[in-house]
Amino acid sequence: MPSATVNNHRPRELLSLLASADPEIKVRALREVKNQIIGNRTKKLSFLKIGAVPAVSGILADSVDNVIDSNCNNDNINNILVQSAAALGSFACGFDAGVHAVVDAGAFPNLFRLLGSSNEKVVDAGARALRMIYQSKLAPKYDFLQQKNMEFLISLLNSNNENVNGLGASIITHSCETSLEQKALFDAGILRKLNGLLEGGSLSQRDASLESLATIFKNNPEIISKFSGPEIGRPLSSVIDLAKDRYPRTRLLACMCLIVIRNTSPLFLQDIGIKTKLIHILLELLDDSGQVGDEAPFAFSSLIAQKEDLQELALEANAIDKLLHHLQKGSLHPRRYEGILLALADMCSKMESCRSKFLSLQVLNLVTDALTDDSADVRTAACICLKSVTRSIKNLSAGYFMDEVIVIPLVRLFLDPSTSVQVAALGAVSNIVVDFTTRKSIFVQCGGMKQLVQLAKSMESAVRSNALWALKNFVFLSDNRLKESVFSELTACLLASLICDPEPSVQEQALALVRNLIDGCINSIEFAFAEDGLILAAIGRQLQSASKAEIGIQGMYALCNVASGNEFHKEAVMHQLFPLMDDKNQSFMMKFLQSNDSQLRAATVWAILNLTCPLSPGASGRLEKLRNAGIFSQMKNMVNDPCVDVKLRVRTVLGQSMAFGNN
């Protein structure tokens, strides 16, 4: 048969050529498979569907047996190994379905076997392919706690082959998750080896080392302290120096490593100059047109999140202006678009000055546009950004956000196919609907309220919880007419079932909703008694078995609001507190009064205060029942409670009891 050339064949044609007995045809077919699929997800999928990965994996398995086990050094077989490894790596690169296929085909151990080859090209190809696989979360986890595995990892880091070193670092980055594994790596001297690559290695080795170090440092202040001490040298200074490196990716990875150190051990990197420099470097990296620019806003977010001092420095560095500049460019990569929105969200999460700057620059319009983006991650990020901005009390009070341009697209996202988008949209709406009794009609008219009720029935607990949170805020300080419309949609039956939901977070929000619903006039309190007191009974049952303090807090405040009503309401509350009508039976109130949670103690004392108001005809009888249950003896022990609110209310209750001659 004449020598064949393999070019631009269709996938099925290439699959048949892979089965050729002629090694040259096989090599060329493997090379063309690799070339066709590089950077082309559609092509990868086409080859996956016809079983190309098992075919290539089979070729690798057959050839590796010949070369590694029999010490054969045949050029044709080595070429087959190089090309099959390269093809498998290409299938796995940036494509989780490809990683899945490679692992399922059994190629993973054979790729590791290539590292034992005497041929440098074969070793290099195997290391490259494995590094591509280890970029995915689907790659098998490496067990560092086995001695032989640790020894093998050390051999990878000691190798003279750059890709083999990089593989060792990639394994650490992918697989190191626990403090026990971090300690094992430190004890084995891995940090010293990584530091050696950091200070004397190539660009690729430095970058891989920075990623691995960040993984080993994460949430482990003890390791950071040891790394920064004299035992290893001056590694922290090396990382700081690399943050100023000429290569953008190195600068980004060095910044990310320093951020992990700072977030894990705040005592390190306190110097304001270093913090300011990190902010400026990350903002400059946004200008990079590639992956570095896509990842820079995420690193920036992790630097400033929940830290007012860093948010203030970022504001002074014109971070919001620069982030806006990139948003205005349009046609952003979804990853970059998402990152910029999340960075803006973190900038506006705490400081009113940042929110004011955000609003003054008209960024809100661009964020609102992102609510309709094709990417679910971008839509989620836009909602999170709106949630941060709408924490502005000044602008909330002015009804600035209760606008159709913002509200309508958010309500539409309630029906988004992505649960994360739904939850994020509910989070933004939860802020927007607070305290605007004059403009809440906009939300009702666009169907928002009815959608919230429907979402409260969702199969997803996070959606149920957040829908209830939004409803809770929606009825906060609302007039009775609005409350009635909400209650008619919810129904007592649904509310009672949500109070007893299997998920504690849903229970808490359902109780908080009832608390706000029945707060106010006597007519509002009557909601708790609808359908023969279904809701009130559900509250009582839930308080008997409350699994979290937060559930007890919301439940007791709900009873407190009921107890603010007339004599009938107060006696109904007493029935829930003492359902067995047995004075000697210890009520859950005693447990609440003895709780370490000051809010739970306060909520319980407030309920007692309303039950024992001297102006109420039945107060004396209720006082006697509480005294017999040991409640007053406990309260006498609380007159100097460390919580001021608890202390004041306890003294008020005890003072009220004196009017009835109780002491």
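I started at Cys383, which is buried at a relative accessible area of 0% (buried is under 20%, exposed over 50%, partly exposed in between, with a 1.4 Å probe and protein chains only). This is a predicted model, so I kept its rules in view: local features need pLDDT of at least 70, side-chain atom pairs count only at pLDDT 80 or more, and totals for chains, interfaces and linings use all residues. Residues are numbered from 1 along each chain as its sequence is written, and side-chain values use heavy atoms, with hydrogens and water left out.

I searched the whole structure for disulfides (two cysteine sulfur atoms within 2.5 Å) and got zero. Cys383 is in none; its nearest cysteine sulfur belongs to Cys385, 9.9 Å away. I then checked Cys354, which is also in no disulfide, with the sulfur of Cys348 nearest at 6.0 Å. Cys354 is buried too, at 0% relative accessible area.

**Salt bridges.** How many salt bridges does a search of the whole structure find? I counted a side-chain nitrogen of Lys or Arg within 4 Å of a carboxyl oxygen of Asp or Glu. The search gave 22.

I looked at Glu211 and Arg249, whose side chains meet at 3.3 Å, N to O. Glu211 is in helix H13 (residues 203-217) and Arg249 in helix H16 (residues 248-264), so this pair ties together parts 38 residues apart in sequence. Helices here are DSSP runs of H or I, at least four residues, numbered from the N terminus. Both ends are partly exposed: Glu211 has 31% relative accessibility, and Arg249 has 35%.

Next I took Arg355 and Glu352, which form a salt bridge at 3.1 Å, N to O. Both sit in helix H22 (residues 352-360), three residues apart, or about one turn of the helix. Arg355 is buried at 6%, whereas Glu352 is partly exposed at 28%.

Are the ends of the Arg379 and Asp416 pair buried or exposed? Arg379 is buried at 11%, and Asp416 is buried at 8%. Their closest N and O atoms are 2.9 Å apart, in a salt bridge. Arg379 lies in helix H24 (residues 376-389) and Asp416 in the loop between helix H26 (404-412) and helix H27 (419-432), so the pair ties together parts 37 residues apart in sequence.

I also noted a network of salt bridges that links Arg262, Lys275 and Asp309.

The largest nonpolar core has 231 residues, and Phe300 and Phe443 touch the most other members. I used buried Ala, Val, Leu, Ile, Met, Phe, Trp, Tyr and Cys residues joined through side-chain atoms within 4.5 Å. Domain 1 (9-140) and domain 2 (523-662) both give residues to this core, so it lies between them. Those bounds come from an automatic or database domain assignment. The C-alpha centres of the two domains are 71 Å apart.

I listed contacts of Phe443 (heavy atoms within 4.5 Å), leaving aside neighbours within four places in sequence. Among them are Met402, Phe414, Leu452 and Phe474.

**Confidence.** I checked pLDDT, the predictor's confidence in each residue from 0 to 100. The mean is 89, and 94% of residues reach 70 or more. It stays under 50 over residues 1-6, with twelve contacts beyond four places in sequence. Residues 581-585 also stay under 50, with six such contacts. Where pLDDT is low, the predicted coordinates should not be read in detail.

Terms used:
Helix = DSSP H or I, 4+ residues; strand = E, 2+ residues; numbered from the N terminus.
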